[in-house]
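Please look over the sequence and the 3D structure shown here. A short report on them follows.

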Amino acid sequence: MPYEALMPRLVDCVARIASGIARKAPSEECPSLPKIAVEAVELVANRLAPQAAPSLYCALCSRGPYTRKGYYLHLKRVHGNDIKEEISSEIKRLEQVYRGHLE
Ligand SMILES: [Zn+2]
């Protein structure tokens, strides 16, 4: 899995952004990460953002409603592995896209 060592931080960034407790732009919310990882985090976080804010229902399992903080904790505790896999496959996909542009 690419970026394995960074995964705990990346999952945390996704959960913060998706739940809306992040106050800054993704690149500032997760500083000093490779650009491709930040992009993957943004894409996955957008997918996991709950549909009907301010009543937050989980985008993956429809449980809820949660507060922002509650949704953040739910994502990390219940869907940590799903998020990890999504980030990982998103990074792989982006790497191929970039490679295609360079050739
Ligand atoms: Zn859920």
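The report below goes through helices, their packing, single residues and the backbone.

## Basis of the report

This is a predicted model: local features need pLDDT of at least 70, side-chain atom pairs count only at pLDDT 80 or more, and totals for chains, interfaces and linings use all residues. Residues are numbered from 1 along each chain as its sequence is written.

Helices (H or I, at least four residues) and strands (E, at least two) are DSSP runs, numbered from the N terminus. A residue is buried if 20 or more other C-beta atoms lie within 10 Å of its own, exposed if 12 or fewer, and partly exposed in between; the C-beta atoms are placed from the backbone.

## Helix α1

Helix α1 covers residues 7-19. It has 13 residues and reaches 18 Å from its first C-alpha to its last. That is close to the 18 Å expected at 1.5 Å a residue. The expected span is 1.5 Å times one less than the number of residues. The buried residues of α1 are L10, V11, C13, V14, A15, R16, I17, A18 and S19. Just after α1, G20 takes a positive phi of about 85°.

D12 also sits in α1. D12 is partly exposed, because 18 other C-beta atoms lie within 10 Å.

## Helix α3

Helix α3 runs over residues 35-48, a total of 14 residues. At 1.5 Å a residue it should span 20 Å, and its end C-alpha atoms are 20 Å apart, so the two values agree.

Which residues of α3 are buried? They are A37, A40, V41, V44, A45 and L48. They cover an arc of only 130° around the axis, so they are on the same side of α3. The arc is that of the directions from the helix axis to the C-beta atoms.

## How α1 and α3 pack

Two packed helices are described by the angle between their axes and the distance between the axes. For α1 and α3, the angle is about 40° and the axes are 8 Å apart. Axes are lines fitted to C-alpha atoms, for helices over the stretch in contact, and angles run from 0 to 180 degrees between N-to-C directions. α1 and α3 are therefore oblique to each other. Angles under 35 degrees count as roughly parallel, over 145 as roughly antiparallel, 65 to 115 as roughly perpendicular and the rest as oblique.

α1 passes α3 in a right-handed crossing. On the α1 side, the contact is made by L10, C13, V14, I17 and A18. On the α3 side, it is made by A37, V41, V44, A45 and L48. Two residues are in contact if their C-beta atoms, placed from the backbone, lie within 7 Å. A crossing is left-handed if the near helix is turned anticlockwise from the far one by less than a right angle, and right-handed if clockwise.

Helix α2 spans residues 26-29 and includes E29. P26 counts as buried because it has 20 C-beta neighbours inside 10 Å. Leaving out residues up to four places away in sequence, P26 touches C13, I17, V38, V41 and E42. P26 and E42 are 16 residues apart in sequence and 6.7 Å apart in space, C-alpha to C-alpha.

Is E29 buried or partly exposed? E29 counts as partly exposed, with 19 C-beta neighbours inside 10 Å. With the sequence neighbours up to four places away left out, E29 touches C13, R16, I17, A22 and K24. The C-alpha atoms of E29 and E42 are separated by 11 Å.

Helix α4 covers 68-102. G80 lies in α4. G80 is partly exposed, with 16 other C-beta atoms within 10 Å. G80 and D12 are 68 residues apart in sequence and 8.7 Å apart in space, C-alpha to C-alpha. D12 and L75 are 63 residues apart along the chain, and their C-alpha atoms are separated by 9.0 Å.

## The loop between α3 and α4

Most residues other than glycine have a negative phi, and most peptide bonds are trans. S62 is found in the loop between α3 and α4. Phi of S62 is near 65°, a positive value. S62 is exposed, with 9 other C-beta atoms within 10 Å.

P65 lies in this loop as well. A cis peptide bond joins G64 and P65, with omega about 0°.
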